[in-house]
Amino acid sequence: MKMKQLASGIALAMMASASMAADDTIKVGVLHSLSGTMAISETTLKDTMQMLIEEQNKQGGLLGKKLEAVVVDPASNWPLFAEKARELVEKNGVDAIFGCWTSVSRKSVLPVVEELDTVLFYPVQYEGEESSKNVFYTGAAPNQQAIPAVDYLMNELGVERWVLAGTDYVYPRTTNKILEAYLKGKGVADKDIMINYTPFGHSDWQSIVADVKKFGSAGKKTAVVSTINGDANVPFYKELGNQGISAEDIPVVAFSVGEEELSGIDTKPLVGHLAAWNYFMSVDTEANDEFIQAWHAYIGDEKRVTNDPMEAHYIGFKMWVEAVKKAGTTDPAAVQDAIIGVSVPNLTGGYATMAPNHHITKPVLIGEIQDDGQFEVVWSTSGTVLGDAWSDFLPGSKDLIADWRAPLSCGNYNVKTGKCSGQNF
Amino acid sequence: MATTSTHYRTMPEGRRSTGWRALWLLALLFTVSTASTAFAASDDFEQGLALLSEKSFSKKGRAIELLVASGHEQVLPLLQTMSAGELYYRKSDDRIVTRRDADTGYEITDAVSGEALGTVGRRDVKKVAINNTLRSQLTQAIAELQLGAADPGIRKTALEAMLSELTADSLPLLEKRRRTEQDDSVIEVLDIAIAVAQLESSERSVRLQALQALEGSLYPSVRNRLVTMTANDADAGVRKAAEKALITIESRVNLFSNLETLFFGVSLGSVLILAAIGLAITFGVMGVINMAHGELIMIGAYTTYVIQLLMPNAIEYSLLVAVPAAFIVSGLVGIAIERGVIRFLYGRPLETLLATFGLSLVLQQAVRSIFSPLNRSVETPQWMSGTWEINAIFSLTLNRLYIIAFCLIVFFLLHLILKRTRLGLEVRAVSQNRQMARAMGVRSQWVDALTFGLGSGIAGVAGVALSQLTNVGPNLGQAYIIDSFMVVVFGGVGNLWGTLVAGLSLGVANKVMEPWAGAVLAKILVLVFIILFIQKRPRGLFPQKGRAAEG
């Protein structure tokens, strides 16, 4: 009897302390792989989130409470992303999730965040063709990265022949489909477009580079638009260098090569090749300087770089904070309404606004790789560009729009038929 | 000398036409200019300098033109610094400076006079940014400024670059040069250049003669010209001759592209062999399914990285040190794995497979914790980069050539060890009949450990080679483990020659299929082929015969 009383007493005390803790802090979920293949890119984003949360706490937290980061490791395992997302919401009671890198991990998490009606901030450039009530896309859609990059090559460098090279998965396939349609719309002939896909982690680029070289020797200015994913880029650029193709002959514009990827390689063969992003570490603004200094102080290493997805998390987190302040609560449903129209400064000297289609406005920058692994901005859009959830260049999606404001509240409204297909994404 | 400057001065303000450019280049090339003009215009220099701090790239391009035209003695070092991306300007007064890291901010010096300007904050100077257009303009300008005594190599490259821009106007200059040129390789290109220029001639016979001279020429720009000629030339006979010349060219191009594919195949094969040959020992000879083999390769690659960190000033020799170091490190890890895990599991392949798979994950995560999950940068020594150019369309990359040679050396050394040394004899004895070998006084446990160490060490050596081709990161090993098993099984378990033949044939087959099937499908087809082959011949290409095969 006595034992039982004691036990229940302990249980009560524990419950009380648990609920105390829940009341004291606002929990934010961080869903990034810390082990496995994607750890290379995602670990940095976890650190970024922890830094942002620490900074916010230094400024007095949010709604008078402290923020607490709940970090889980989905280990580059796509189904585990869904499980861990559920764990974050149901077990840890987080009010928002910041996470995912690959599109497949996002697709895996999507049904869970929709079922539990929470909010997910997704910080990586992606293929578009999606707009969920519960997801906020702070990375670039194709019209904020790929299309402007192609415009730059066409108008500024006079490129007439195109190699679309990519890793064989959904992001490159969709992006290349959009680009192909776009190029043909601009009058580029079939024979002037070469499309090539390679498996993940492809390392033997000899034949493909030789093909590109042949394709580029037909007397017209040629460029490679590369959606080659992370790791496979290094041997690709090395092979380009080895076969004597310099950026002056055939420039390569990449959408997945950023400062972080460059910090792991010998950059000599890459100098002059291009990348299109919405942020570069080399951008010269006060806000960016402060961010870089804060990052170096937090991580304790002056050599660490900053990159585009980090800025996306920075923007996403600031937007979420603003939306919570505006709504006066962290309740996900209230935040979803409040966040539309929220504007926060970005790191490149402008403002990012959350649009009703859950995408944000971003400037588009084209940078050339320098030998110190940084980018030199050679071109930028004059203002910001709004992310387009549904591409205007694909037959299946050009009539679709996304608008999550009442009364429409639809992620895929067909303007021709006037119907919302009812899918949540 | 005078020609150079006059051309500069008569140059239209805007973009020069390509024809003009070719002519002007020719003039430069053949007058062997030293580029320092007598009437150096110092205001040109000042004007150019002022334009450098402009944001617009076209203004900077104009700046380079002005600087070159000024003939100022500081132009060459200035342009070289700019090309290296080390030129900055002070934001307060747009003064062009170079900078050095100081405790707080940068120490700056005037880029022209070399006068020290004290220390400034990090945000007070800005880089003189360059883009591709400027970079090629700079390279051109620097090359021309340095032309001086005329190195035949530079003359040849300049001529080759001009081939697509030549017109009939260039002819007199080319012919003049042809009469004085001494160097054979330059003469060869000159003849082609003359023929190309003659293609524009209005006389039919000259054009026909030029076509004859161009037959079999491999320069892409020559080919492109002929293609336009077959469609556009006014004379039917000339069109026909152009077609004929084109056919000869195409057949030669095809020949070389086949040779190229063969080379690619052999080089892919040599990588496969390197990755698989260690496994041929541990799996083939000892019968241990070692899923951590890939991680032993990875350890070899990381050893290379560490060696380069230890000797940052001698990158050229780092690989020579890395090969034995990687052999020792991976070999020791291999021995530790054998002593710690595998020896308890002999004769239980399934458990060995699981245990070594677990080990591979442990090793990967250990590398992630020690070196970070990011890829590490391993530099390629100068002597390994570049190409061996055989002709305009066929060149072999040096790093691949070295790796093919390295692979063969490793193979024959290993072969020698197994066939000619006492260790080799004991290894073969133990693998053929353990009981009998022990009865003859062979310490089988000791031999097991050494054999596994040898196989692992070879894997480490493969890692050094792979560090030159691909990423050095925690996932390096995973990419090669499947391929390695494929090669060993296809070649016949327990047979080193089988591994060599299997590696080469899989490499070549993969590369032959790649152009028409694509990289993804080619890999799948190779796998399907191997499955079918193993169905037919379960023991691979070169099965072991006799008593050894039964064990």
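Three residues of chain B, namely Arg123(B), Asn132(B) and Leu374(B), account for 15% of the area that chain B buries against chain A, more than any other three residues. The structure is a predicted model. The contact draws on 52 residues of chain A and 49 residues of chain B. The accessible area lost when parts come together is a figure often used for the size of an interface.

### Polar and charged pairs

Twelve residue pairs are in polar contact across the interface of chain B and chain A, both residues of each pair being at pLDDT 80 or more. The elements of chain B that each supply at least two residues to the side touching chain A are β5 (125-127), α6 (132-146), α11 (220-232), α12 (236-285), α15 (349-371), β7 (395-397), α16 (398-420) and α21 (496-536). Of these, α12(B) gives the most, with six residues. Sorted by class, this side of chain B holds 22 polar, 15 nonpolar and twelve charged residues.

Over all chains, the whole structure has 36 salt bridges. Between chain B and chain A the count is six. One of these pairs the side chains of Arg135(B) and Glu368(A), at 3.5 Å from N to O. In another salt bridge, Glu260(B) meets Lys214(A), and the closest N and O atoms are 3.8 Å apart. This pair joins two chains, because Glu260(B) lies in helix α12 of chain B and Lys214(A) lies in helix α7 (residues 206-216) of chain A.

### The sheet of chain A

Chain A contains an open sheet of seven strands with mixed pairing, in the order β7-β6-β8-β9-β10-β14-β15. Its edge strands, β7 (193-198) and β15 (375-380) of chain A, each pair on one side only. From one strand to the next the twist averages 25°.

Within this sheet, β6(A) (residues 161-167) and β8(A) (residues 222-227) are joined in the parallel sense by six bridges. Gly166(A) has Thr227(A) of β8(A) opposite. Helix α6 (residues 170-185) of chain A packs on the sheet and touches β6, β7 and β8 of chain A, and the direction of α6(A) makes about 165° with that of β6(A). Helix α8 (residues 233-242) of chain A lies across β8 and β9 (252-254) of chain A, at about 170° to β9(A).

| Strand pair | Sense | Bridges | One bridge pair |
|---|---|---|---|
| β1(B) (residues 88-90) and β2(B) (residues 96-101) | antiparallel | two bridges | Tyr88(B) and Val97(B) |
| β2(B) and β3(B) (residues 106-110) | antiparallel | five bridges | Arg99(B) and Ile108(B) |

The hairpin of β1(B) and β2(B) has five residues between the strands, and Asp94(B) in this hairpin takes a positive phi near 60°. In the hairpin of β2(B) and β3(B), four residues lie between the strands, and Gly105(B) in the turn has a positive phi of about 85°. In a regular strand, side chains alternate between the two faces of the sheet.

Notes. Residues are numbered from 1 along each chain as its sequence is written. Chains are lettered from A and ligands numbered from 1 in the order in which they are written. This is a predicted model: local features need pLDDT of at least 70, side-chain atom pairs count only at pLDDT 80 or more; totals for chains, interfaces and linings use all residues. Side-chain values use heavy atoms; hydrogens and water are left out. Contact means heavy atoms within 4.5 Å. Buried area is the accessible area (1.4 Å probe) that two parts lose on being put together, summed over both. A salt bridge is a side-chain nitrogen of Lys or Arg within 4 Å of a carboxyl oxygen of Asp or Glu. A polar contact is a pair of N or O atoms within 3.5 Å; within protein, one must be able to donate a hydrogen and the other to accept it, and residues adjacent in sequence count only if both atoms are side-chain atoms. Ala, Val, Leu, Ile, Met, Phe, Trp, Tyr, Cys and Pro count as nonpolar, Asp, Glu, Lys and Arg as charged, and the others, Gly among them, as polar. Two strands pair if DSSP finds at least two bridges between them. Axes are lines fitted to C-alpha atoms, for helices over the stretch in contact, and angles run from 0 to 180 degrees between N-to-C directions.
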